[in-house]
Amino acid sequence: MTQLDQRPAAASRTESADGTTTYDSGLVATKVGGSLGAVVSGVRIGADLDPQVVADFRDALLTHKVVFLRDQQHAGDVEQYDFAAQLGEVTSPHPTVKGDGRAVLPIDSERGKANSWHTDVTFVDRIPAISVLRAITLPPYGGTTVWANTVRAYQRLAPALKELVGGLRAVHSNQYDYAIERPQIGGIDVKEESYREEFRNRLFLTEHPLVRIHPETGEPSLLLGHFAQSITGLSSHDFHDLYTLLQRHVTALENTVRWSWQPGDVAIWDNRATQHYAVADYDEHARLLHRITIAGDVPVGINGDVSRVIQGDASGFSSLDAPAA
């Protein structure tokens, strides 16, 4: 997996006061939010991109945490896969959900709506590094996605809170109770219930440091989201109180960027430095996107402690390079 001293070298770049960064390779990143987010032009996704374009794209991603590509209507699953594979090792679709059986996980409103703040797949030890999400079918209104910067959220904590959370560890599980976040009226749709059963068909429990160090940038960030079920050593009441406090910092509006999808859009985010939320405000209209995931490594805490598996084997999801002792 990518380590801090292996961060690719970006080409020479020029930064302007209006939030635009222009790379010598021709790639341009234009900020869309003060805390995170940029639209990137100069990339047509597919195979065999110029290595310098890939390096510059990765630099933009690490800088802005989530980047957006417009006008990628030419792309299907093959082009999306080929592009993602140039960013790292592509995982299977999901640790418990089959997807297309190779790499694509459909994010399909017919099977459920993930309208809750989370970082993807934190219930395994090898948390994914990067996600690549491509719009397929969009509703006529609504259906936006919001991202939050978990690095900035940690930076904005008071020193006493930083000292507290740096020594804590949280247990994450895929046995997430969706009803807590999304009460059902009139029962659960059969397709949605089937998806939930598939999602929970194997139990995963992993204990992570509450503050992890980004393996490429060296930045500390808060590792939480809705898969976090408890904090080791705290009562359930204290966990919920502290979780609510920290999530409030993560999801403060000033710490987020909201994206209104258009046909041909692709969003790529650094899963090690963000949480996201798909807004379910499009009534009963269809919404379908395809996600491909890039493998990540085992989180290392700010004090050097590493995540540990309590239950579940994620070796079928992605390979793993063990963190340095």
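Trainee: Is Trp 117 buried or exposed?

Mentor: Keep in mind that we're looking at a predicted model. The cut-off for buried is under 20% relative accessible area. Trp 117 has 17%, so this residue counts as buried.

Trainee: How many aromatic pairs does the structure hold, and what sort of pair do Trp 117 and Tyr 277 make?

Mentor: The structure holds eight aromatic pairs. For Trp 117 and Tyr 277, the ring centres are 5.5 Å apart and the planes sit at 55°. Planes over 60 degrees apart would count as edge-to-face and those under 30 as stacked. At 55°, then, the pair is tilted.

Trainee: What about Trp 147 and Trp 269: which strands do they come from?

Mentor: Their ring centres are 5.5 Å apart with planes at 55°, so this pair is tilted. Both Trp 147 and Trp 269 are buried. They're 122 residues apart in the chain, and their strands are β8 (residues 145-149) for Trp 147 and β15 (residues 266-270) for Trp 269.

Trainee: Which charged residue sits over the ring of Tyr 81?

Mentor: Look for a charged end over that ring, 3.8 Å from its centre. The residue it belongs to is Arg 102.

Definitions and conventions:
Residues are numbered from 1 along each chain as its sequence is written. This is a predicted model: local features need pLDDT of at least 70, side-chain atom pairs count only at pLDDT 80 or more; totals for chains, interfaces and linings use all residues. Side-chain values use heavy atoms; hydrogens and water are left out. Rings of Phe, Tyr and Trp (its six-membered ring) pair if their centres lie within 6.5 Å; planes under 30 degrees apart count as stacked, over 60 as edge-to-face and the rest as tilted. Buried means under 20% relative accessible area, exposed over 50%, partly exposed in between (1.4 Å probe, protein chains only). Helices (H or I, at least four residues) and strands (E, at least two) are DSSP runs, numbered from the N terminus. A charge sits over a ring if NZ of Lys or CZ of Arg is within 6 Å of the ring centre and within 35 degrees of the ring normal.
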